[in-house]
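Here is a short briefing on one protein chain.

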Amino acid sequence: MRDDNIGIYEFKDSEQDALVKFLVDFDYNSRSYDYWLARLNHWWQDNPSFNDTVIKGWVLKYNNEIVGFMGHIPLRYKFINKEIDIHCGSSWYVNEEFRGNSMSLFFNLIGVSNESIIFTTTPSQMVMDILPRFGFDFVNKKSHTYNYIIVINYFNYIKLKFFCKSKLR
């Protein structure tokens, strides 16, 4: 495999069919094309926090074929009377032979979230082993769902918490 044939790119709408086919082929739960298409629409088209300036995710390509993906789902949360942007990573899938490039997908998610909070839910065991190394904290466990959260800009997070608490006094 030549390195000049591999790269990470922002996901484009024109790649949706290829992405859905990749996700169907990769998915260990054997979910259908229609399932993944509906899921992508839920993340982006049906999401009131999504707009045209938001990156939908990143694809890892080898010879113009998708061999990896990291989804990005923007969300808005109300945190003590203040709305804040939250970023959710989802469906971090990379074909086994290209896993040496998988962290670059993850770092793109961290980069786009540099002024906010990132979380991920239902990570695989392999991802659960990786997340704490990058400052993610385990939040809770409910049945089979594991929630991890990372605060990217801790200073702004603390400032937000202090500001909101002082407004309540």
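Is S102 buried or exposed? S102 is buried, because its relative accessible area is 11%, under the 20% cut-off. The model is predicted.

**S102**
- S102 sits in helix α3, which covers residues 102-112.
- Beyond its neighbours within four places in sequence, S102 contacts W92 and V94.

**Whole chain**
- The protein chain holds five helices and seven strands.
- Read from the N terminus, the order of elements is β-α-α-β-β-β-α-β-α-β-β-α.
- The protein chain has 169 residues, and 40% of them count as buried.
- Take the contacts in the protein chain with a separation of 6 or more: 60% of these join residues 24 or more positions apart.

**Helix pair α1 and α2**
- Two packed helices are described by the angle between their axes and the distance between the axes.
- Here α1 spans residues 16-26 and α2 spans residues 33-43.
- Their axes come within 9 Å and cross at roughly 120 degrees.
- The crossing of α1 past α2 is right-handed.
- On the α1 side, the contact residues are Q16, D17, L19, V20, K21, L23 and V24.
- On the α2 side, they are Y33, W36, L37 and L40.
- By type, the residues of this contact are eight nonpolar, one polar and two charged.

**S32, between the two helices**
- S32 belongs to the loop that links α1 and α2.
- S32 counts as partly exposed because its relative accessibility is 39%, which lies between the 20% and 50% cut-offs.
- A polar atom of the S32 side chain lies 3.0 Å from the backbone nitrogen of Y35.
- S32 and V20 are 12 residues apart along the chain, and their C-alpha atoms are separated by 9.1 Å.
- V20 is also one of the α1 residues that meet α2.

- S49 lies in the loop between α2 and β2, a strand at 57-62.
- The S49 side chain reaches the backbone nitrogen of R76 at 3.2 Å.
- Leaving out residues up to four places away in sequence, S49 touches V54, P74, L75 and R76.

Note on methods:
Residues numbered from 1 in each chain as written. Predicted model: local features only at pLDDT ≥ 70, side-chain atom pairs only at ≥ 80, totals over all residues. Heavy atoms only, no water. Axes fitted to C-alpha atoms, helices over the stretch in contact; angles between N-to-C directions. Helix = DSSP H or I, 4+ residues; strand = E, 2+ residues; numbered from the N terminus. Left-handed = near helix turned anticlockwise from the far one by under 90°. Contact = heavy atoms within 4.5 Å. Nonpolar A, V, L, I, M, F, W, Y, C, P; charged D, E, K, R; others polar. Polar contact = N/O pair within 3.5 Å; in protein donor to acceptor, adjacent residues only side chain to side chain. Buried < 20%, exposed > 50% of the residue type's maximum accessible area, 1.4 Å probe, protein only.
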